[in-house]
Each structure stands twice: as structure tokens, then as C-alpha cells.
Amino acid sequence: MKDLKLIALDPEDLRVLSCHLQDAIIRVGDMAYLSREMRFAAIANRFDWEAAVQTEQAEGQRRRSGLRFERVKAARVLGFDLQNKDAVLELLALTFDPAEEPSGSITLHFAGGAAVQLQVECIEAELRDLGAVWRAQSKPVHTIDE
């Protein structure tokens, strides 16, 4: 499989990034908000859902990926301790809540109710695979609450 490289400039693009990042694992220490550069960046071990569907592997694979958001005016965390650098979070989705066009907030939603909320001037994000690929221990499973 080719390395993934995606850019998001609007809510629809962000939904595509969200799909590719569902079930990504991110260490707290692998996230950074660089206020002077107006950038938020993270390194994720994303589950490659596209490859799992195409190859029908039982376990699937994970890929090391970089995620960055530009034009970030502020960042805040909810439900986890930034000092616990070794804590691991499971990313469920990315969402965008518009404010005065084109600004708004992008939220990274994690399992257990944790989140990172980014106040942005506009949507400008990139997801890029960094090359490392390995067999996943298991394929993520989602139960549907009734």
C-alpha cells in the first residue's frame, strides 16, 4: 500500500481524515501545541481501515502517521493529564463546529470522554503516513449501544 497523504481544508475533508484516524492510538507525549507557530501536531499509530477492507486480514495493520493542524489560535484538553506523557489515548473522531466563517473549533474525541479542542482561524490540516507499518495485535471492534 502507498503511504497516505491527505490535506483537509473544509468540513468534508476533515471527515475523510476522521475516517482514516478512527481507532488511532496517540501517546499524550506525542502531541504538542506550538502557540507561536499556531500549530498543533501529533504522532499517531493509526489502524489502516482501508487496507483491512481490501485485504480482509483478521488483525489488520497499524501505520505511524503524523497529524498537524495549522492556524490554531488556542488549544485545550479535557479528561486527561498532560503531565502523564506515557498515557495512551484512542482517537474516535474529529469534528468541526463552525463559528464566524471560516473559523471554528476542531475537536479530537478520544475514548472515555477525553478530548482536545482546537480554536482555529480555518480548517487547514494534514495527515501523512511516516513509513513504519506493522501487524496490529487485533482489529478494533465497536459495539452499538441500543
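Predicted model: local features only at pLDDT ≥ 70, side-chain atom pairs only at ≥ 80, totals over all residues.
Trainee: Where is arginine 63 found?

Mentor: In strand E5, which covers residues 61-70.

Trainee: Buried or exposed?

Mentor: Arginine 63 counts as buried, because its relative accessibility is 3% and the cut-off for buried is under 20%.

Trainee: What does the side chain of arginine 63 join up with?

Mentor: Aspartate 3. The two side chains make a polar contact of 2.6 Å.

Trainee: And the bridge partner of arginine 63 in E10?

Mentor: That is valine 133. E5 and E10 pair in the antiparallel sense, over eight bridges.

Trainee: Which other strand pairs with E5?

Mentor: E4, also antiparallel, over nine bridges. Phenylalanine 40 stands opposite phenylalanine 69 of E5.

Trainee: How many residues of E5 are buried?

Mentor: Eight of its 10, so the strand is mostly covered.

Trainee: Switching to the largest nonpolar core. Which residues touch the most other members?

Mentor: Met31, Phe40, Phe69, Leu108, Phe110 and Leu118, out of 30 residues in that core. Among the elements giving two or more residues to this core are helix H1 (11-21), strand E4 (39-47), E5 and strand E8 (104-110).

Trainee: Which element gives the most?

Mentor: E7, with four residues.

Trainee: What is phenylalanine 110 in contact with, leaving aside neighbours within four places in sequence?

Mentor: Ile26, Met31, Leu89, Glu90, Leu91, Leu92, Ala115 and Val116.

Note on methods. Residues numbered from 1 in each chain as written. Heavy atoms only, no water. Buried < 20%, exposed > 50% of the residue type's maximum accessible area, 1.4 Å probe, protein only. Polar contact = N/O pair within 3.5 Å; in protein donor to acceptor, adjacent residues only side chain to side chain. Core = buried A, V, L, I, M, F, W, Y, C linked by side-chain atoms within 4.5 Å. Contact = heavy atoms within 4.5 Å. Pairing = 2+ DSSP bridges.
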